[in-house]
Amino acid sequence: MQITLTLNGRRCTDEIPADMTLFTYLRQKGCYSVKCGCETSSCGLCTVWMDQKPVLSCSVLAARADGHEITTMEGVQQEAVEFGTFLADEGGEQCGFCSPGFIMNVLSMVRELPNPTDEQIKEYLAGNLCRCTGYQSHLRAIKKYLAHKQKEAVR
C-alpha cells in the first residue's frame with residue numbers, strides 16, 4: 001500500500017506492507033532517535049508526535065500516518081538539545097536509552113500545559129520508563145526547564 005506523510009517537515013511517499021508499524025517505518029527512514037524497548041506500548045521509548053500529539057510508534061500502523069504530520073526528535077533537535085542539557089545537568093541521563101521518547105513527551109507537555117503542577121507532570125509522563133534513575137532527577141530537570149522557559153517568555 002502507498003502512504004504519503006510529512007516527516008520532520010519533509011513530504012514522503014512510500015510503498016509499505018499493510019502490517020508495518022510506524023516505528024519500523026521511521027527507523028527505515030533514518031529516524032534513529034526512535035527506540036523500541038517493549039513492543040507492547042509499555043515503555044514510552046518509541047514516542048513520536050502525530051499532528052503534534054504524542055503517540056507510541058510501536059503500536060501504530062504506518063498506514064494510520066497516511067496524510068498526517070509525524071515529528072521525531074530529529075525534527076525538534078534544537079529544543080531537544082536545550083531540554084537534554086537540563087536533563088544531563090540533573091543526572092537524569094545516565095544510559096540515555098529512554099531519553100528520546102522522554103524528551104518528546106516533555107516537549108509535548110510543555111506545549112500543552114504552560115504551568116503544570118508536579119502531579120500533572122507525573123501523570124503526563126507516567127508511560128515513560130527509565131531503568132537507571134529514580135525519576136527525581138527527571139522532575140528536577142523539568143522544573144528547571146519550565147522556569148527557564150518562563151524567564152525566556154518574559155524577556
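This is a conversation about how to read a few features of the structure above.

Visitor: What should I know before I start?

Guide: This is a predicted model, where local features need pLDDT of at least 70 and side-chain atom pairs count only at pLDDT 80 or more, while totals for chains, interfaces and linings use all residues. Residues are numbered from 1 along each chain as its sequence is written, and side-chain values use heavy atoms, leaving out hydrogens and water.

Visitor: Which residues of α5 are buried?

Guide: Buried means under 20% relative accessible area, exposed means over 50%, and partly exposed lies in between (1.4 Å probe, protein chains only). In α5 the buried residues are Ser137, His138, Leu139, Ala141, Ile142, Tyr145 and Leu146. Their cover includes α2, α3 and α4 (118–124).

Visitor: How many of the 14 residues of α3 are buried?

Guide: The number is 12, so α3 is largely enclosed by the rest of the structure. Among them are Phe102, Ile103, Met104 and Val106. The cover over the buried part of α3 includes β3, β4 (53–56), β5 (69–71), α2, α4 and α5. Take Ser108, which has its place in α3: its relative accessibility is 4%, so Ser108 counts as buried. Contact means heavy atoms within 4.5 Å, and Ser108 touches Trp49, Gln52, Pro54 and Tyr124, not counting residues up to four places away in sequence.

Visitor: At what angle do α2 and α3 pack?

Guide: Axes are lines fitted to C-alpha atoms, for helices over the stretch in contact, and angles run from 0 to 180 degrees between N-to-C directions. Angles under 35 degrees count as roughly parallel, over 145 as roughly antiparallel, 65 to 115 as roughly perpendicular and the rest as oblique. Helix α2 (residues 77–89) and helix α3 (residues 99–112) pack at about 105 degrees, with axes 10 Å apart. That makes α2 roughly perpendicular to α3.

Visitor: Which residues of α2 and α3 meet?

Guide: From α2 come Glu79, Ala80, Phe83, Gly84 and Leu87, and they meet Ser99, Phe102, Ile103, Val106, Leu107 and Arg111 in α3. These residues divide into 7 nonpolar, 2 polar and 2 charged. In this scheme Ala, Val, Leu, Ile, Met, Phe, Trp, Tyr, Cys and Pro count as nonpolar, Asp, Glu, Lys and Arg as charged, and the others, Gly among them, as polar.

Visitor: What does the side chain of Ser33 join by a polar contact?

Guide: A polar contact is a pair of N or O atoms within 3.5 Å; within protein, one must be able to donate a hydrogen and the other to accept it, and residues adjacent in sequence count only if both atoms are side-chain atoms. The side chain of Ser33 joins that of Glu74 at 2.7 Å. Ser33 sits in the loop between α1 (22–28) and β3, and it counts as buried at 11% relative accessibility. The side chain of Glu74 is also joined to that of Thr72, at 2.6 Å. Thr72 lies in the loop between β5 and α2 and counts as buried at 0% relative accessibility. Leaving aside neighbours within four places in sequence, the contacts of Thr72 include Ser33, Asn8 and Met104.

Visitor: What about phi, and which value does Asn8 have?

Guide: Most residues other than glycine have a negative phi. Asn8 has a positive phi of about 50 degrees although it is not a glycine. Asn8 is placed in the loop between β1 (2–7) and β2 (10–15), and is partly exposed at 27%. Gln52 has a positive phi too, near 70 degrees. Gln52 lies in the loop between β3 and β4 and is partly exposed at 35%.

Conventions
Helices (H or I, at least four residues) and strands (E, at least two) are DSSP runs, numbered from the N terminus.
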